[in-house]
Amino acid sequence: MDRYLNSVIAIRLGLTGGIGSGKSTVAEMLQKRGAAIVDADAISRATTAPHGSAIAGLEAAFGADILTQERALDREKMRKLVFSDPPSKKVLEGIVHPLVGLEIARQADLAEAQGARCIVFDIPLLVESIHWRQSLHRVLVIDCCEETQIARVVQRNGLDPQSVKQVISSQVSRSRRLKAADCVINNDALSLESLESQVREIGTLFGL
């Protein structure tokens with residue numbers, strides 16, 4: 001592993017996990033250890049924020065009603081539309097994903113130019129994308145059971161359990177995610193201290 005680490009400019013580590021798995025917490029822990037974080041969710045939200053780069057395309061595809069008064073994407077309306085009209089999801093992704101990909105590449109290139117030892121790509125849809133798996137050195141999956149996911153998201157976001165189940169069902173299966181993993185943290189019943197200990201152990205493999 002040491003020889004492998006020394007053979008590349010920066011380790012590109014993919015980080016993924018289902019909703020409520022604790023992926024964002026792990027990303028923060030890796031960042032504290034010196035990793036550069038490229039957060040695909042944050043980038044995606046920025047493209048659909050007021051006057052974001054995706055707004056014009058979204059309005060053209062779905063109409064002005066899909067936007068808020070501040071000219072941001074109305075996420076609740078979009079979520080309902082995607083569940084009621086599945087083809088609209090591909091239209092949404094066709095607008096947003098290319099813009100997100102460009103910004104991810106820009107941030108990663110900047111981190112590498114600044115001498116980052118490890119770049120963590122926090123990407124919820126990592127497993128679904130052949131492109132991402134081929135462009136990463138390793139994949140870290142944060143795993144937990146569905147009951148844990150539901151409980152965490154209900155407590156964190158105030159969603160009802162059925163809505164959380166719908167989100168989970170729209171994501172890649174747990175088994176498929178695990179098959180794509182090089183490293184796994186099972187975050188079902190870990191304390192923050194135990195989780196941090198596991199992150200520290202994995203971080204040492206990537207020079208953190």
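Mentor: Let's start with a definition: two residues are in contact when they have heavy atoms within 4.5 Å of each other. This is a predicted model, where local features need pLDDT of at least 70 and side-chain atom pairs count only at pLDDT 80 or more, while totals for chains, interfaces and linings use all residues. Residues are numbered from 1 along each chain as its sequence is written, and side-chain values use heavy atoms, with hydrogens and water left out.

Trainee: Which residues is P50 in contact with, leaving aside its neighbours within four places in sequence?

Mentor: P50 touches E70, R71 and A72. You will find P50 in the loop between α3 (40–47) and α4 (55–62); helices are DSSP runs of H or I, at least four residues, numbered from the N terminus.

Trainee: Is P50 buried, exposed or partly exposed?

Mentor: Buried means under 20% relative accessible area, exposed over 50%, and partly exposed in between, using a 1.4 Å probe and protein chains only. P50 has 44%, so P50 is partly exposed.

Trainee: How do I read the buried side of a helix?

Mentor: An α-helix has 3.6 residues a turn, so residues three or four places apart point the same way. In helix α9 (residues 161–170), the buried residues are S163, V164, V167 and I168. They fall within an arc of 140 degrees seen down the axis of α9, so they line one face of the helix. That arc is taken from the directions from the helix axis to the C-beta atoms.

Trainee: What do the buried residues of α9 pack against?

Mentor: They pack against α5 (75–84) and α8 (146–157).

Definitions and conventions
Helices (H or I, at least four residues) and strands (E, at least two) are DSSP runs, numbered from the N terminus.
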